[in-house]
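Reader: Hello! Could you walk me through the structure below, one question at a time?

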Amino acid sequence: MNSNVNMSNQEYSDFVDSKAKKSNLGKNIFMAFLVGGIICSIGQVISDIAMHYGVQKQDATCITTIVLIFLGAFLTAINLYAKIGKVAGAGSIVPITGFSNSIVSPAIEFKTEGYILGLGANMFKVAGPVLVYGITTSVIVGFVYWIIKLFM
Amino acid sequence: MDIFIMYLKVFLTGGIICSIGQILIDKTKLTPARILVIFVTLGTILTAIGIYGPIVEFGGAGATVPISGFGYCLANGVIKEVDAIGFLGIFIGGVKATAAGIASAVVFGFLASLIAKPSIK
């Protein structure tokens, strides 16, 4: 391998790439599929149990969301979610438990900077953008729908 | 048997949605934060144009548990509220439908961070 100190940027980045550990796409996708599928199935179990006790379908979805968010926060607090994430990748990020994890994990990290500007402000470091873009999109959708309704 | 097929559908749908996220992470080097934002926005838009609804019908929790399901709630909520109360519904519907998720995320997130000790990595 060429270890010339006068390498160009391109050569250097090729060199780094050749040394970097190859991430195994097939295996990553399989693990994301498996863990994501399991988390969603747990959600379905919670929803089915709620509906078994006579809860309406829409409320059952609400309960499922609340329970999963609780589980995500709890598993993050006891430092287990990061371990799952290492294996599962997107399988632990994309489900709603990952949203919960994205709130708790920076909050814990910045706790030492105080309860308001440390913990409080950093809770929404990742979840904040999700709400900003999600809610803004929903308002746009609502507005477009309202306009369409005016002319129908 | 019916319940087995239903859970298979849930597993498949959830798995596929997460796999799409994994492909995006590996192929485009998008950060998890961007993945979450993209998924919630796409979920909202796909629901509004009538694509995500049938996916939820098919996959149940497999489509509502991923963060794109949060977008599904937002879009459905806003449309329902505009139908019910008109213009004001534009600003009320989305957050109203996702209020349980947002409030529980704030409260459980806060409590969990209070209890947890910062870890030395």
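**The core and the two chains**

Author: Happy to start with the largest nonpolar core, which has 63 residues; those with the most contacts inside it are A32(A), V94(A), L36(B) and I67(B). Here a nonpolar core is a set of buried Ala, Val, Leu, Ile, Met, Phe, Trp, Tyr and Cys residues joined through C-beta atoms within 7 Å. A residue is buried if 20 or more other C-beta atoms lie within 10 Å of its own, exposed if 12 or fewer, and partly exposed in between, with C-beta atoms placed from the backbone. This is a predicted model, in which local features need pLDDT of at least 70 and side-chain atom pairs count only at pLDDT 80 or more, while totals for chains, interfaces and linings use all residues. Residues are numbered from 1 along each chain as its sequence is written, and chains are lettered from A and ligands numbered from 1 in the order in which they are written.

Reader: What ipTM does the model score, and what is the mean pLDDT of chain B?

Author: The model scores ipTM 0.93, along with pTM 0.88. pLDDT is the predictor's confidence in each residue, from 0 to 100. In chain B, 98% of the residues reach 70 or more, and the mean pLDDT is 93.

Reader: Which residues is I67(B) in contact with, leaving aside its neighbours within four places in sequence?

Author: Two residues are in contact if their C-beta atoms, placed from the backbone, lie within 7 Å. With those neighbours left aside, the partners of I67(B) come from both chains: V94(A), I96(A), F99(A), L36(B), F39(B) and V40(B).

Reader: Which element gives the largest share of the side of chain A that touches chain B?

Author: In total, 63 residues of chain A are in contact with 58 residues of chain B. The elements giving two or more residues to that side of chain A are α2 (25–52), α3 (57–77), α5 (90–93), α6 and α8 (127–151). Helices (H or I, at least four residues) and strands (E, at least two) are DSSP runs, numbered from the N terminus. The largest share, 15 residues, comes from α8(A).

Reader: How many helices does chain A have, and how many are there in chain B?

Author: Chain A has zero strands and eight helices. Chain B also has zero strands, and its number of helices is six.

Reader: What radius of gyration does chain A have?

Author: The radius is taken over C-alpha atoms, and the globule rule is 2.2 Å times the number of residues to the power 0.38. A compact globule of 152 residues would come out near 15 Å, but chain A has 22 Å.

Reader: How far apart are the end C-alpha atoms of helix α6 of chain A?

Author: The expected span is 1.5 Å times one less than the number of residues. For the 14 residues of α6(A), residues 96–109, that gives 20 Å. The helix is mostly covered, with 13 of its 14 residues buried.

Reader: Is A60(A) buried or exposed?

Author: A60(A) lies in helix α3 of chain A. Not counting residues up to four places away in sequence, A60(A) touches S47(A), A50(A), M51(A) and V55(A). Because A60(A) has 20 C-beta neighbours inside 10 Å, it counts as buried.

Reader: What percentage of the residues in chain B is buried?

Author: The C-alpha atoms of chain B fill a box of roughly 50 × 40 × 35 Å, taken along the principal axes. Of the 121 residues in chain B, the buried ones make up 50%.
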